[in-house]
Amino acid sequence: MSINTSVSGDELTVVVEGRFDFSAHQEFRDAYEEAGASVRKYVIDMAKATYLDSSALGMLLLLRDHAGGDSANVRIVRCNQDVKKILTISNFEQLFTIE
Amino acid sequence: MSSLDLAQIQELKEIMEDAFDDLISTYLKDSEEKLVKLNQAISSQDSSEIAELAHSIKGASANIFAEELSELCRIVEDAGRANQVDNLSADLDAINTEFAKVKSELKALS
Amino acid sequence: MDETPLNILIADDNQSDRMILSAIVKKMGHQVCEAADGIQAVEQFTDKKPDIILLDVMMPNKNGQEAAIEIKQLAGEDMVPIIFLTSLQDAHDLAACLESGGDDFLSKPYNKIILQAKINAFSRMLKMHNTMQKQRDVIQENNEHMRHEQEVARAVYDNVAHSGCLDLPNIKYLLSPFSVFNGDVLLAARRPSGSVHILLGDFTGHGLPAAIGAMPLAEIFYGMTAKGFLMTDILREINAKLKNILPVGYFCCTCMVNLSFRRERMEVWMGGLPDFALYREADNKVEHIKSRHLPLGVLSSSAFNPETQAFAFKPGDKFYMWSDGIIEARNEQGELFGEERLFSTFNGSNSDLFFDNIINSVNDFAGENGKDDDTTLLELSMVDESVIGKVDIDLTSGAVTGPTDWHLSYTLRDETLKTFNPLPMMLNILNDVPSLRSISGQLYTLMAELFSNAFEHGVLGLDSKLKSSADGFAQYYQQRETAMANMVEEFVRFDFDLTPNSNATGGKLTIVVEDSGKGFDYKHLNKSSEGNLGYSGRGIPLISSLCDSLTYYGNGNKVEVVLSWKNRIEE
């Protein structure tokens, strides 16, 4: 499991690779916490994520909270079937823009 | 030629400080006792005794930097272990002689 | 030299050798004890407990190797480095020394530098070993504590989270024995009306964090169900509670069901759980029931959506709920049991076997790899109410309708009047009447206005006109502070009178509020003078809009409002 980040203007992109589970906790958190105050938009790229469990859902909620809660601008993109399914069951499209 | 490695003895003196004289007299006393017994053991051709005693003197002598004496004892020890103890009188003489030299040189130092 | 002085045992049958070693070791700052043969060496070890041992190989009475073996045995799991003193040269002999328990060897003539370096090296190793031992012991002790605490937690959890009426004849269930540790909750309770509330919850995480949320959840579920609250109210309450107490990122995937036997109807709310199965006998088909909501504990109260799905549910129909432990059960190849396999177990004509089919299917699949350890499963059937039996409460006695005929008088005086806000408590009392719950908000606003009038304008004598400008506000609050400090023998009294009407379709609620203030000239108040009172007068127009009638008495320090309410027994 690895996390890579890149910043473009005020948008932070976090690429998650491999299993997105509890072991990713600290790294994921560091990724957005250390990104600096100028970041307004967040994109989580799931193209290479193979698996998402409930602790990953929790991490997404933490990110949303950090990014301003209800006013947060967080997109979750390039989800595969399995990831999409988990997000759908949890109805996370009510909180995030999912592509 | 000296029976003692004087440079090493000097270092030993520095380690022992005031106890150096004590060390020398202890060594000489113990070794003399063991040498007497070694003489007897060789006479009676007691292989294990021979080996044990020769081993002991060998070690102590090495630590005192009397290398020649130590080497002579090793030869006798090996013979004892190999149970070839019927012809050791020459070796014994050599040991006794060398020991006398070591003794006088050590006494000269303290 | 390394910091701590050690205790070093020198075992050599040669006195001069011992003297040399002793001198070298003492020069390092360490302490020395001596032995002249193997037997003495073991004795010294037992008595003095040296940290490091310098051991001659050839000694009388017991040689070095034998002594080493004994010493290592006596030491047990403690580390005692043994350095053999030897003039052996042969590699095999040297190796044999190490095999017998020696950790190193030192050859003759003894080299001070080398000996000191070896002692230092072993000293470092000792320190590391001892540190690790201590840490291991601490960890072990903490582990024991934790295990014990978990046992206690499990006992409490079982009492709280799994009581209720899961043993009703129309319910079959399997509860994972590890539910404490995987956060599964399964609750069932009967409402006063006879219908049944069921809740299946799956908290995120494992262990104690998952289990802790279950306590308040269960309390709310049982408490409110017994009082006849609606499923939507209960979910709203639980969501608010969990949102409040759980850290961000923690939530509870939940399914709640209200099953009405009388109406043959089922209401479902699902958040964050995978599809459940609804079997209908009529067409022998299984429908997927999906989660439409986020899990509980995520959204704020204002964003929370309690909307439910309703289904007809006839005798012979069955509803299946499960935690994701079933879907995520793995076999030895690491494959997941999965949702497809789960739904395929419903094939076959005998629905009585469905429940067992699921369990057997998972067990067969998982093999030895865990079986149904992590499985929580529930089957709900619709049956005739006679099978279930009536609730143990007389339906006519008022448990359903709540208390509908009572009078309550509550007076606040002086210090209490200054500091205590009685509104939440009074609202709570009114909420115990199920029929008043639907106008709960209205009642709160009403009581807040009446209290504010009675206290601020009545008792404290403050003029609301002041609040019509920005400066006025500051003055107002200053006057308020002064007035409060000068309060002597003041009071505000609330009188509630609830009466049912003759045909029990509803009734009247009368609220009278009286204060010890000077009152005001209500006789010359008319509706069009609303503008004179500025931003916030006694809010009379507002109060009027909330009730059926509004009447002032005395010198204006007593007011009576009347509302009517309708009897609503929610199934």
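## A tour of chains C and A

Residues 24 or more positions apart account for 67% of the contacts in chain C that have a separation of 6 or more. Welcome to the tour! Keep in mind that this model is predicted.

**Stop one: chain C.** Select chain C and switch to a cartoon view. Its secondary structure comes to 18 helices and 20 strands. If you colour chain C by burial, 36% of its 571 residues count as buried.

**Stop two: where chain C touches chain B.** Now show chain B as well. Here 15 residues of chain C are in contact with 16 residues of chain B. Select helix α1 of chain C, residues 15-27: this helix gives the most to the side that touches chain B, with eight residues. Colour that side of chain C by class and you will find seven nonpolar, four polar and four charged residues.

**Stop three: a hairpin in chain A.** Move to chain A and select strand β1 (residues 2-8) together with strand β2 (residues 11-20); the two pair in the antiparallel sense over seven bridges. To see one pairing up close, pick N4(A), whose bridge partner in β2(A) is V15(A). Two residues lie between the strands of this hairpin, and G9(A) takes a positive phi near 70° there.

Look for L12(A), which stands opposite Y42(A) in β3(A). End the tour at F20(A), whose bridge partner in β4(A) is L52(A).

How values were computed: Residues numbered from 1 in each chain as written. Chains lettered and ligands numbered in written order. Predicted model: local features only at pLDDT ≥ 70, side-chain atom pairs only at ≥ 80, totals over all residues. Contact = placed C-beta atoms within 7 Å. Helix = DSSP H or I, 4+ residues; strand = E, 2+ residues; numbered from the N terminus. Nonpolar A, V, L, I, M, F, W, Y, C, P; charged D, E, K, R; others polar. Buried ≥ 20, exposed ≤ 12 C-beta atoms within 10 Å, placed from the backbone. Pairing = 2+ DSSP bridges.
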